[in-house]
Amino acid sequence: MTNSFGVALKEWRRQRRMSQLDLGLSAEVSSRHISFLETGRARPSRAMVLKLCEELEVPRAARNHLLTAAGIAPAYSARPLSEENMRPVRSAVDWMLERHAPFPAFALDRHWTLMELNRPASLLFRGMRLGRGDSLIAALAENPHLRGALENLDELLVHVVARLRIESAHLGGDPLLDAAVASLRKDMGRQPAKAAVVLPAFVPTRYRVRDRTLSLFSTIAQFGSAEDIALAELKIELMFPADAASKDFLLALTGDGETTGARDTVSCSGGTASGLGPRGPLR
C-alpha cells in the first residue's frame, strides 16, 4: 500500500523549503516523528494533519487532500456564496465594492475570474469586452481590446507574472496559473532587458481611454480567518487613481465630478460601454 500522505507531506515540506527538523520544531514534534510520517511508519491523527498543514501554510483544498490521503474525512467545504449562511460575506463584498465607487473595484477567484464588479469597473472593463465570468489572465494573454488599451503592457506583465508565480507557489502549484506564467513570459521574452534604476514606489496600470490616459494602482483585500475553500481564495481588488487627472475622470464617469462627456460611456481600443444600470448583489 502506498503512503500517499507521506509523499504529499514531503512534497509540501519541499515546497516550503523546510527540513524535517524545521517542521518538527515548528509543530512541536520530533523530526523523527516527521520522518516516520513521511515513510509510513507512523499514522497521523486528524489534529496532527491539521497542525502540520497550518505550519506549512497549506491551502484549504490541499488540506482536504492530505486528510483524505491519511484516511481521514475532509475538514473544509467550498460553499457557494448564494447559501444563506454566506449572507454576511455577500453583504461584506457588496459593501466594499459599492462604497469604493467612484473608483473601480471587483472580486476575483483564484484563477482571476471576475466574480463581481462595481459600476465604475463595469464601465471601464466593458469597453475592453470584459465582464462577470471572464478571466483577467486569459484576457491579458488573448484579449486584443484589453491589451490594446494597456499603455504599459510590457511593464505590467513583469509584475503580473511575478504575482502569478507567488500565488501558484502558495497553492503548491496550480496548472492554470503555471500555464499562464509560461504564456505571458513569451511576451516578456521579446522585450529588451532594462538597466537597473531606482524603482518607483508603485507601478500603476495605464489604460488608454479615448484620448486620455487613466492611471490606476491597486490594493487587494482577502477575508481573514476564512475556513471555507472558496472564501479563502476570494480576493477583492480595489483600484485607486494614481494622479489628479485620473481621479477627475472617474468622478465624471460616475457623475460625481464637474467634467462632462465621460459619464456612462468609456471607449477603449475600439470598444464602448454605455448606459450601465445599478449593479446587482453578489451571487
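Analyst: We will take the strands, then the cores, then the charged pairs.

User: How are residues numbered, and what kind of model is this?

Analyst: This is a predicted model, where local features need pLDDT of at least 70, side-chain atom pairs count only at pLDDT 80 or more, and totals for chains, interfaces and linings use all residues. Residues are numbered from 1 along each chain as its sequence is written, and side-chain values use heavy atoms, with hydrogens and water left out.

User: How do I read helices, strands and strand pairing?

Analyst: Helices (H or I, at least four residues) and strands (E, at least two) are DSSP runs, numbered from the N terminus. Two strands pair if DSSP finds at least two bridges between them. Take strand β1, residues 105-108. β1 runs antiparallel to strand β5, residues 235-241, with 4 bridges between them. β1 also runs antiparallel to strand β2, residues 114-117, through 3 bridges.

User: Which residues stand opposite F106 in β5 and in β2?

Analyst: In β5, E237 stands opposite F106. In β2, the bridge partner is L117. β1 and β2 also form a hairpin, with 5 residues between them. W112 sits in that turn and has a positive phi of about 65°.

User: Are the faces of β1 buried or exposed?

Analyst: Start with the cut-offs. Buried means under 20% relative accessible area, exposed over 50%, and partly exposed in between (1.4 Å probe, protein chains only). Both faces of β1 are covered. A105 and A107 are buried on one side, F106 and L108 on the other.

User: What does a nonpolar core look like here?

Analyst: A nonpolar core is a set of buried Ala, Val, Leu, Ile, Met, Phe, Trp, Tyr and Cys residues joined through side-chain atoms within 4.5 Å. The largest one here has 38 residues. F106, F125, L164 and Y207 touch the most other members. Helix α10 gives this core its largest share, 6 residues. A second, separate core has 22 residues, including L9, W12, L52 and A70.

User: What does L164 touch?

Analyst: Contact means heavy atoms within 4.5 Å. Leaving out residues up to four places away in sequence, L164 touches W112, I137, L177, A180, V181 and L184.

User: Why are E55 and K51 separated by about one helical turn?

Analyst: An α-helix has 3.6 residues a turn, so residues three or four places apart point the same way. E55 and K51 are 4 residues apart in helix α4, residues 46-56, which means about one helical turn between them. E55 is partly exposed at 23% relative accessibility. K51 is partly exposed at 33%.

User: Which parts of the chain does the salt bridge between R206 and E151 tie together?

Analyst: Their closest N and O atoms are 4.0 Å apart. R206 lies in strand β3 and E151 in the loop between α9 and α10, so the pair ties together parts 55 residues apart in sequence. R206 also meets E155 in a salt bridge, 3.8 Å from N to O. That pair links β3 to helix α10, 51 residues apart. Shared partners join E151, E155, R206 and R208 into one network.

Definitions and conventions:
Salt bridge = Lys/Arg side-chain N within 4 Å of Asp/Glu carboxyl O.
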